[in-house]
Amino acid sequence: MEILACPKCQNNNIVKSGVINNKQRYLCKKCNYYFTVNKLGKKIDNYYIIKAMQLYLEGLSYREIERIIGVSHVTVSNWVKEYKIKKPPHGDYHPTYKIFNHLELVEYVKNKSLLSGAGMVITELGDKFMLIKWERFKD
Ligand SMILES: [Zn+2]
């Protein structure tokens, strides 16, 4: 199901506002932008917003998140502002991440030496899996 959203600010608080050239016109109640149905943006599924914020909290940069989730780093930084996400300092643990399909993931966890001395989480990402791993910086 497609959710109607403002093409400018992605908000879905929009109302119908007359018809122009036989096209429904809408008004965004958040940024007061008028637009017709042709310009209607697609609202990004909350699933991806949550994944992006998880990655942000894990210490990944906006551009790394852009590469993984496929939304622009500008959008990601807007979400951080919108949801008031504040990242605690990470100390000497450095996160790295890998994207695997299921078989690659199974192969990876078979290797015990890759699991020792590090913490990790595996999270679903679309049809793949992401493994985030923390290793203490070596002096
Ligand atoms: Zn708007």
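Here are some friendly notes on this predicted model, point by point.

1. **Ground rules.** Residues are numbered from 1 along each chain as its sequence is written. As the model is predicted, local features need pLDDT of at least 70 and side-chain atom pairs count only at pLDDT 80 or more, while totals for chains, interfaces and linings use all residues.

2. **Confidence.** The mean pLDDT of the protein is 82, and 86% of the residues score at least 70; pLDDT is the predictor's confidence in each residue, from 0 to 100.

3. **Layout.** You will find five helices and eight strands, in the order β-β-β-β-β-α-α-α-β-α-α-β-β from the N terminus. Helices (H or I, at least four residues) and strands (E, at least two) are DSSP runs, numbered from the N terminus. Of the contacts between residues at least 6 apart in sequence, 45% join residues at least 24 apart; a contact here has C-beta atoms, placed from the backbone, within 7 Å.

4. **Annotated span.** An unreviewed UniProt entry carries the annotation "domain: Terminase ATPase subunit N-terminal" for residues 51-85. UniProt positions are given in the numbering used here, feature names are shortened, and annotations may be inferred rather than shown by experiment. Residues 51-85 are 71% helix and 0% strand, and their end C-alpha atoms lie 13 Å apart.

5. **Helix packing.** How do α1 and α3 pack? Helix α1 (residues 46-57) meets helix α3 (residues 73-82) at an angle of about 85°, with the axes 10 Å apart. The two are therefore roughly perpendicular, the word for angles of 65 to 115 degrees. Axes are lines fitted to C-alpha atoms, for helices over the stretch in contact, and angles run from 0 to 180 degrees between N-to-C directions. Ile49, Ala52, Met53 and Tyr56 of α1 make the contact with Val76, Trp79 and Val80 of α3. By class, that contact has seven nonpolar residues, no polar and no charged ones (nonpolar: Ala, Val, Leu, Ile, Met, Phe, Trp, Tyr, Cys and Pro; charged: Asp, Glu, Lys and Arg; polar: the others, Gly among them).

6. **Burial and backbone.** Of the 139 residues, 10% count as buried (20 or more other C-beta atoms within 10 Å; exposed, 12 or fewer; partly exposed, in between; C-beta atoms placed from the backbone). Most residues other than glycine have a negative phi. Gln10, however, has a positive phi of about 70°; Gln10 sits in the loop between β1 (4-5) and β2 (14-20) and is partly exposed, with 19 C-beta neighbours inside 10 Å. Lys84 also has a positive phi, about 50°. Lys84 lies in the loop between α3 and β6 (93-100) and is exposed, with 6 other C-beta atoms within 10 Å.

Conventions
Angles under 35 degrees count as roughly parallel, over 145 as roughly antiparallel, 65 to 115 as roughly perpendicular and the rest as oblique. Two residues are in contact if their C-beta atoms, placed from the backbone, lie within 7 Å.
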